[in-house]
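Let's take a friendly walk through this structure, with an eye on how its parts pack together. Have the coordinates open as you read.

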Amino acid sequence: PDLEVNVAAGVVRVDRRPINLAPKEFALLAHLHEHAGQVRSKDEICQAVWPECPNDVFDYQVENLVRRLRSKIEPDPAEPQMLLTIRGLGYKLVMG
């Protein structure tokens, strides 16, 4: 899949189709896009997505946010190709 992220314009497209994301979903994608190809820990994600209260966020909230984002950008969310879980470390966005 072809993922296009224009953070400045707030636009996300998958295979040239615009995708509507909730603010936290967009914040997560923008953070992972900024660090594409790098593993980002849940703590780093919390600080980027919930700057107002990064220490009050639980793992399940990050996991649910990742699941929701996958459901919108992945052709098959059960077999992710772009938003990967790196077991024990965090998450990584792989750009084609």
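In this predicted model, the axes of α2 and α3 come within 10 Å of each other and cross at roughly 75 degrees. Angles from 65 to 115 degrees count as roughly perpendicular, so α2 is roughly perpendicular to α3. On the α2 side, the contact is made by Lys 42, Ile 45, Cys 46 and Val 49, which meet Asp 59, Val 62, Glu 63 and Leu 65 of α3. By type, the residues of this contact are five nonpolar, three charged and no polar.

Setting aside neighbours within four places in sequence, Val 62 is in contact with Lys 42, Ile 45, Cys 46, Trp 50, Val 57 and Tyr 91. Val 62 is also listed with Leu 3, Leu 28 and Leu 29 as the residues with the most contacts inside the largest nonpolar core, which has 25 residues. Two or more residues of this core come from each of β1 (3-6), β2 (11-14), α1 (23-34), α2 (42-49), α3 (59-73) and β5 (90-93). As a general background, nonpolar side chains tend to be buried together in soluble globular proteins.

What does His 31 touch beyond its neighbours within four places in sequence? This residue of helix α1 is in contact with Arg 40, Glu 44, Ile 45 and Ala 48. His 31 counts as buried because its relative accessibility is 9%.

Over in strand β2 sits Arg 13.

How many aromatic pairs does the structure hold? There is one, formed by Phe 58 and Tyr 60. Their rings are stacked, with 6.0 Å centre to centre and 15 degrees between the planes. Phe 58 counts as exposed, since its relative accessibility is 52%, and the cut-off for exposed is over 50%. Tyr 60, at 49%, therefore counts as partly exposed.

Here are the accessibility values for the residues discussed above:

| Residue | Relative accessibility | Class |
|---|---|---|
| His 31 | 9% | buried |
| Arg 13 | 30% | partly exposed |
| Tyr 60 | 49% | partly exposed |
| Phe 58 | 52% | exposed |

Technical notes:
Residues numbered from 1 in each chain as written. Predicted model: local features only at pLDDT ≥ 70, side-chain atom pairs only at ≥ 80, totals over all residues. Heavy atoms only, no water. Core = buried A, V, L, I, M, F, W, Y, C linked by side-chain atoms within 4.5 Å. Buried < 20%, exposed > 50% of the residue type's maximum accessible area, 1.4 Å probe, protein only. Helix = DSSP H or I, 4+ residues; strand = E, 2+ residues; numbered from the N terminus. Contact = heavy atoms within 4.5 Å. Axes fitted to C-alpha atoms, helices over the stretch in contact; angles between N-to-C directions. Parallel < 35°, antiparallel > 145°, perpendicular 65-115°, else oblique. Nonpolar A, V, L, I, M, F, W, Y, C, P; charged D, E, K, R; others polar. Phe/Tyr/Trp six-rings, centres within 6.5 Å; stacked < 30°, edge-to-face > 60°.
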